[in-house]
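Biologist: Before we use any labels for this chain, I would like to hear what stands behind them. Please go through them one by one.

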Amino acid sequence: MVPVSRVSGRALGSLLPDLRRLPGPVYAALGDAIVSLVLDGRIAPEARLPSERELADQLAISRATVTAAYDALRGQGFLASRTGAGSFVTVPPDARPRVSTLRWAPATPQHADEIDLTCAALPAPPGVLPNAIARAVEQLPVLAAGSGYDPMGLGPLRAAVAERYTTRGVATHADQILITNGSLHAFDLLLRLLVGPGDRVLTELPTYPGALDALRGNGARIVPVPLAPEGGWQVGQIQATLRQTSPRLAYLIPDYHNPTGALVHDQDRRDVLRAARQAGTTVIVDESFVELGYGSSARPAAALDGTVVSIGSLSKPVWGGLRLGWVRGSADLVRRLAVQRAATDVAGSALDQLVGTVLFAELDAITSRRRAELQPRRDALISALHTHLPQWQLQVPEGGLSVWVELDAPQCTPLTQVAAQHGVTLVPGSRFGVDGTLERFLRLPFALPTERLEEAVRRIAAAWQRLDHSGAPMRQLVVA
């Protein structure tokens with residue numbers, strides 16, 4: 001096994017609780033604490049732990065105590081060791097989530113007033129789409145005179161996307177834009193072109209589940225790096241992972257991260273992008289939520305480093321049913337992607353692209369109304385959580401469509417099951433991680449009206465009270 005990153009004794013010591021205050025033998029407390037850090041997403045799977053001697057010195061305990069803890073972890077399947085190479089974090093196979101498409105299936109409500117919190121997406125803005133479609137249809141006869149096939153996308157829409165980037169401070173020409181069927185389609189096209197089976201791809205932990213599915217589907221080896229507890233990147237850890245593993249790609253969401261809503265600021269972007277260049281890693285930045293910020297903003301990653309490949313879509317600011325996304329990269333990369341795409345779906349819907357071209361002319365007004373609608377919903381959701389579940393912790397998201405909540409017990413999956421009986425459907429935090437981690441976390445979208453969000457929190461609080469936290473095991477093995 002080759003480690004994807006290394007955790008120093010000092011770094012691990014900073015994450016551990018005071019072991020002497022925990023019940024039972026110190027070695028057992030140390031082992032359980034390390035397992036909790038792994039399953040909570042604080043330590044990435046396959047990370048190399050410090051040597052027994054280094055950790056013993058850091059914690060001021062005997063080496064025999066650390067040896068006993070490591071032996072117990074190996075026995076439980078949470079640690080693998082090889083002479084001369086060190087000890088690596090693992091997760092037992094039965095703890096690893098199975099990929100599922102159930103989140104896209106039509107819901108079967110158990111209650112007439114069931115509240116669905118499984119999807120962070122909005123309905124179409126009232127009146128906008130019919131008007132845009134009517135104007136697009138007026139332009140259709142000219143377009144219909146041709147074949148309708150263009151793997152790169154409709155010229156006027158590519159120009160509109162390019163102009164949007166230029167306005168944001170990233171000088172862009174239409175030949176640097178490829179139109180896709182959403183941002184996930186864009187990411188999958190890039191993976192098919194740039195990644196081979198077994199190639200490493202660095203991601204944040206947590207991250208967008210669709211991206212994890214696409215990575216697994218393309219045979220990539222996921223290299224997760226935990227986010228900082230307060231949100232944003234742990235820059236030093238990302239830099240170290242880039243140096244140690246030289247991943248082929250890095251998939252990052254610095255603009256209102258999904259699912260945490262965190263915004264990565266300019267200097268952290270510069271530092272990570274510099275490290276990626278030095279490692280020979282291509283950075284793909286997902287800007288799906290970039291239009292949904294509620295205050296602070298940062299310079300586009302592509303403005304800081306011209307080699308960054310950006311992907312985005314109209315799904316979040318406008319409507320997910322309008323399958324329009326894009327890739328922004330070098331003109332050469334876009335041409336290569338178009339050639340590859342021609343062998344699969346040939347091209348996107350020309351009519352949808354006409355609609356998208358019309359919408360881009362109105363995008364500022366649409367997104368302004370969206371932000372004005374969403375910020376009060378975000379605030380109402382957070383207020384309800386503080387009132388009904390004050391023991392849960394959260395960071396106020398700077399943008400996006402969801403709040404990332406830390407529960408006071410690792411029981412997210414049981415909560416989703418009990419909450420369904422109370423008429424609320426949820427997605428467990430493990431869906432946003434790898435190998436069964438993040439069982440202590442929950443994503444709560446605020447796309448619904450305020451009164452529905454407040455009612456959802458009341459029901460979730462009632463479900464949480466039904467669970468027996470006093471006897472909860474320190475780790476829950478999760479099937480997402």
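What follows is a short exchange on the terms applied to this predicted model.

Biologist: How many helices and strands does the chain have?

Modeller: There are 16 helices and 16 strands.

Biologist: Why is the chain called as compact as a globular protein of its length?

Modeller: The globule rule gives 23 Å for 480 residues, and the radius of gyration of the chain is 23 Å, so the description holds. Along its principal axes, the C-alpha trace spans about 80 × 50 × 35 Å.

Biologist: What share of the residues counts as buried?

Modeller: Buried means under 20% relative accessible area, and 56% of the 480 residues count as such.

Biologist: What part of the contacts with a separation of 6 or more comes from residues 24 or more positions apart?

Modeller: Such residues account for 76% of those contacts.

Biologist: What makes helix 2 mostly covered?

Modeller: Of its 14 residues, 10 are buried. Among them are Ala29, Leu30, Gly31 and Ala33. The cover includes helix 1 (9-15), strand 2 (47-49), helix 3 (52-59), helix 4 (63-76) and strand 4 (86-89).

Biologist: How do you know that the span of helix 2 is close to the expected one?

Modeller: Helix 2, residues 26-39, reaches 20 Å from its first C-alpha to its last, and 20 Å is expected at 1.5 Å a residue.

Biologist: What follows helix 2?

Modeller: Gly41 does, with a positive phi near 80 degrees.

Definitions and conventions. Residues numbered from 1 in each chain as written. Predicted model: local features only at pLDDT ≥ 70, side-chain atom pairs only at ≥ 80, totals over all residues. Heavy atoms only, no water. Helix = DSSP H or I, 4+ residues; strand = E, 2+ residues; numbered from the N terminus. Rg over C-alpha atoms; globule rule 2.2 N^0.38 Å. Buried < 20%, exposed > 50% of the residue type's maximum accessible area, 1.4 Å probe, protein only. Contact = heavy atoms within 4.5 Å. Expected span 1.5 Å × (residues − 1).
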